[in-house]
Amino acid sequence: MAITRQEMEHIAVLARLDIAGERFDRLADDMQNIVGMVDKLQQLDLGDITDVINTERKNALREDVVRQDYTPDELIAPNAPDFQAGGVAVPRVVE
Amino acid sequence: MKYEAVIGLEVHAELSTESKIFCSCSTKFGAPINTHTCPVCTGMPGALPVLNKQVVHYAAKMGLATGCTVNRLCKSDRKNYFYPDLPKAYQISQFDVPICENGEVFFYVDGVKKSCRLERIHFEEDAGKLLHDEIDGTVVDFNRCGVPLIEMVTRPDLRSSAEAKEFLEMIKTTLSYLDISDCKMEEGSIRCDINVSIRPEGSTELGTRVEMKNVNTFSGAVRAIDYEIARQIDVVEHGGTIQQETRRWDDVKLKNTVMRTKEDAQDYRYFPDPDLIAVEIDDAWMAQIESEIPELPISRYERYLNEYGMTAMEARQLSDSFAKASMLDEAANSGKVKPKAAANWILSDISKYLNDKQVELQDTKLTAGKLVDLIVLIDKGTISGAAGKKVLPALFETDETAEQIVERMGLKQVSDEGAILAIVQDVLAKNEKAVADFKAGKNVTGFLVGQCMKASRGQGNPQIINKLIAQELQKR
Amino acid sequence: MELFKKTAAELSDLLAKKEISAVELTKDVLARTQAVDEKVGGYITVAADAALAQAEAVDAKRASGEALSPLAGIPVAVKDNICTRGTLTTCASKMLYNFKPPYNATVVDKLAAHDVVVTGKVNMDEFAMGSSCENSAMHVTHNPHDLTRVPGGSSGGSAAVVAAGEVPLSLGSDTGGSIRQPASFCGVVGLKPTYGAVSRYGLIAFASSLDQIGPFGRTVEDTAMLLDAITGYDPMHDSTSVKTPFEGSVRANLNPDMKGMKIGLPREYFGEGISDEVRKAVLAAADQYKAMGAEVFEISLPLVEYALPIYYILSSAEASSNLARFDGVKYGYRTPNAGDDLIDLYVKSRSEGFGAEVQRRIMLGTYVLSSGYYDAYYKKARAAQRKIKEEFANAFQTCDMILTPVAPTTAYEIGSKTTDPLAMYAGDICTVSVNIAGLPGLVQPCGFDSANMPIGMQLIGRPFGEQTLLNAGLAFEQASGLRNIIAAL
């Protein structure tokens, strides 16, 4: 399947990546080639095999018990690019 | 032209588990910012989710209570989108194989039984909270991230805001019957998105639907639906067409505005979460869940109407509360009291007490057994009805039995005819005018009974007093 | 005494007998690192102070007579995508250039429980995407056997520091060959355990359903030692973790008897594209096994021709979602150029923070999951994965192990493949199926090519067949003498 410029742009929006200008040119050929490579899969006839739910293993479940091991100062603050008023800060979100 | 509205709901309810859905952080509401967090619920690199068993249990319970098929095998999927309140940039939810499917919820609207089908119930994690008032920008509080939710998606079976409201009330009542959600609207434990379309009355085709978000109360849902129906009719009547879009309800300005149109529809790229494995509910687990489902509100409501002869309002008031309905049924099942008598107590004095004290019945010491004892004491004439009301607060607040309280408070009714006769004779002797009035043909019984009750310090059996007064007056 | 030349097993003995101290040993390997790492470029972070402090603590414990793990005091380097509390964990990405995890990966806690001395964090391809270590945003790592060549990847640093004698053991991760291919390129032993055998908690995910942490060493016994320390069921933290039959006992049960062992040679792995020197060396190893009494015969695994498409679809799809959390909001790199716009903050942080290969994979992964393409790519790849698992399961009806090359060639020149992603991807052909099927794979040296670069061979086992693989590895090591190879630097 050839991938169109419009599709590339749509995917970049979904992935929050900037592919404007020369970035696009650099990526477009690579993407085309990679998609061409994975397209080989279309030659494989799988009959009616599907894998809706993988049931090799089931039920990795926890009991409903509370544990609190971290404070926000240890957990969030040290790595936050912008830590204010007890949490990470971002530009004002207009809902 | 006449129009019919077609309404579908997506109801989110927070489950009242102790810990979050994929980590051991507390779900308690109202904690200081980011204090209920860990690497998992803040989306730290390398952290992994482990599913809380209780979430599966609760979701399946709701499925059974709403007539759903519970899928014995289900899985978790990722819903991918970027937003600051979603630290992993995906929400773990369920996509093509939810835990429950194909249910139906019954409810009454103005005495008419209606139903709304449920397409599915799935479990998922809640997002965090964005705070806009703290700083110039926005601060993210991750405390709500990972609080377990169930999402209940209806078929477009509802036709009016009144139906939607009664449906939502029934969902809420059912959640509280099952004890799987706090149902605190003010804490956002139940929220809904609303899909509305209109069509000419009599048509069976579905119109273009508009989704409304940000509806946080049931009364808000009514206002939002009524507004949207009117808006759509207005658009169509003026020759316009309805656009498929998402609109945001503003319950202060009482109007909605466009949030996003069909063109910028999201592509969530759902796929099975590779960090989680299949969930299987085996026969033993299923049996356990089934055993925990009580008789449901609609069934109790109908029984109270049909078997106990209550009014719709009485039946509704009782069946709305699991604790009250259970108290009534237990009392009735004791066989010692008339159901109607127990119902009256619950609806009047008990409800008044709970309301005055702002407590929940299940948090008090009153039990069905204590209530039965109290009613029996009155029925046997051991105490008067008025004395019974005096006993009630102690039944709520102490571990004493009704008899112990009656004893302690000295409320035992005097039914000994000899003793009462003495009082009656004494009262008649002191009230010659009343006796004279009686002879002149006036009705003085009420006055004399009152005097006798007073003389017995409220403990005289009024029926016996009545009888003896009549008897004594005849003699004079 | 040049302690750095010794195997972990030998060092363990010396420590136990108190002939050397952990501090002495740590100083020795740190000196070696000081001497050679400028050339090799294996480390991103050398945690010298923490390592010495840990060594002192171990020595004190030993002095007090406490019973210790055989790994107590042994230096181990950790790949930079495994979270170490308070120590930089960058994934060799600008995106995490300053990230100090607030928690330890389960394997790191396990190392601590064994009183291992963690020497630092080693280089890799950015977010483990790559096969040469050239995709590191930090620096290039050089193959210690020829500094003009790549060490392989993505765990290139883990392999290089072991081959260079900078440390006897290291941890890597393997999503499509990221332990095995660099082990092969650097002439060391590397094991990709069965999926689920080692907890992934704290491993910064590339492709969750394929990622697995595993050990590197210079001998089979050393590798088994480290495997014993890191395996273990982790139900509180990793839903995909599994109880293994061999937890902690592989080294103790090593047995090099090959009589009656059935080894399959899949003809599709020896065909076109595999260099003659590699093919010959692996087939010579097969003969060696025959001589030791194993039954060696040809088998067929025809689906290998679909392995690369399946691998690149599944791994990129998962990566596109796993790497979405790197958005400039909570940790790591945030663009200074976003102004007051949130979308801008996302797009610029990600475009500036991720390297080209990572962005390619995110684009591919987003594409194969997007509406309209999901069924043709992702869903089909999942179904094909099932088929590949079946194919291996059938093969293991007739054989105990499968012997294959690791990569089409030995280590190539730095820069020779960086312009063509597909040429780079093609080098993964022999390794990706093992991840798709969730199987264990052992790589160890089986010879050298004409340029004197190590050639590796790969033994693939049944699920949880690690013991069988390491037994066979030990047998070959004893017969060939190809063990504890340290590059002359």
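Let's start with β5(C) and β10(C), which pair in the antiparallel sense over 3 bridges. Across that pairing, C:Leu191 stands opposite C:Leu442 in β10(C). Keep in mind that you're looking at a predicted model.

Strand β10 covers residues 441–448 of chain C, and 7 of its 8 residues are buried, so the strand is largely enclosed by the rest of the structure. It also has strand β11 (residues 454–461) of chain C to pair with: 7 bridges join β10(C) to β11(C), and the two run antiparallel. Here C:Phe448 stands opposite C:Pro454 in β11(C). These two strands make a hairpin, with 5 residues between them. In the turn, C:Asn452 has a positive phi of about 70 degrees.

## The whole sheet in chain C

Now zoom out. Those strands belong to an open sheet of 11 strands in chain C, and the order is β1-β3-β2-β4-β6-β5-β10-β11-β9-β7-β8, with mixed pairing. Which strands stand at the edges? They are β1 (43–46) and β8 (295–299) of chain C; each has a single partner strand, so one side of each is left without a neighbour in the sheet. From one strand to the next, the twist averages 30 degrees.

Another pair to look at is β4 (residues 169–174) and β6 (residues 212–217) of chain C, which pair in the antiparallel sense over 6 bridges. If you pick out C:Ser170, its bridge partner in β6(C) is C:Phe216.

## A helix across the strands

Helix α5 (residues 156–163) of chain C lies across several strands of chain C: β1, β2 (75–79), β3 (117–122), β4, β5 (189–192) and β6. Relative to β4(C), the helix runs at about 155 degrees.

The loop between β3 and α5 of chain C holds C:Ser154.

## Where chain C touches chain A

How many residues does each chain bring to this contact? Chain C gives 48 residues and chain A gives 37. On the side of chain C, the elements that give two or more residues are α9 (304–322), α10 (342–353), α11 (356–369), α12 (375–398) and α13 (421–426). The most comes from α12(C), with 10 residues. By type, the residues on this side of chain C divide into 27 nonpolar, 8 polar and 13 charged.

One helix pair in detail: the axes of α2 (residues 22–38) of chain A and α9(C) come within 8 Å and cross at roughly 125 degrees. That angle makes α2(A) oblique to α9(C). From α2(A), the contact uses A:Ile34, A:Met37 and A:Val38, while α9(C) brings C:Leu308, C:Pro309, C:Tyr312 and C:Ile313. Those residues divide into 7 nonpolar, no polar and no charged.

## Two loop residues in chain A

A:Arg16 sits in the loop between α1 (5–15) and α2 of chain A. It has a positive phi of about 55 degrees, although it is not a glycine. Is A:Arg16 buried or exposed? With 24 C-beta neighbours inside 10 Å, A:Arg16 counts as buried.

A:Ala85 lies in the loop between β2 (83–84) and β3 (87–90) of chain A. A:Ala85 is not a glycine, yet has a positive phi of about 50 degrees. With 15 C-beta neighbours inside 10 Å, A:Ala85 counts as partly exposed.

## Domains of chain B

For chain B, the domain assignment gives domain 1 (3–286), domain 2 (294–409) and domain 3 (417–475). The C-alpha centres of domain 1 and domain 3 of chain B lie 67 Å apart.

Terms used. Residues are numbered from 1 along each chain as its sequence is written. Chains are lettered from A and ligands numbered from 1 in the order in which they are written. This is a predicted model: local features need pLDDT of at least 70, side-chain atom pairs count only at pLDDT 80 or more; totals for chains, interfaces and linings use all residues. Two residues are in contact if their C-beta atoms, placed from the backbone, lie within 7 Å. Helices (H or I, at least four residues) and strands (E, at least two) are DSSP runs, numbered from the N terminus. Ala, Val, Leu, Ile, Met, Phe, Trp, Tyr, Cys and Pro count as nonpolar, Asp, Glu, Lys and Arg as charged, and the others, Gly among them, as polar. Two strands pair if DSSP finds at least two bridges between them. Axes are lines fitted to C-alpha atoms, for helices over the stretch in contact, and angles run from 0 to 180 degrees between N-to-C directions. Domain bounds come from an automatic or database domain assignment. A residue is buried if 20 or more other C-beta atoms lie within 10 Å of its own, exposed if 12 or fewer, and partly exposed in between; C-beta atoms are placed from the backbone. Angles under 35 degrees count as roughly parallel, over 145 as roughly antiparallel, 65 to 115 as roughly perpendicular and the rest as oblique.
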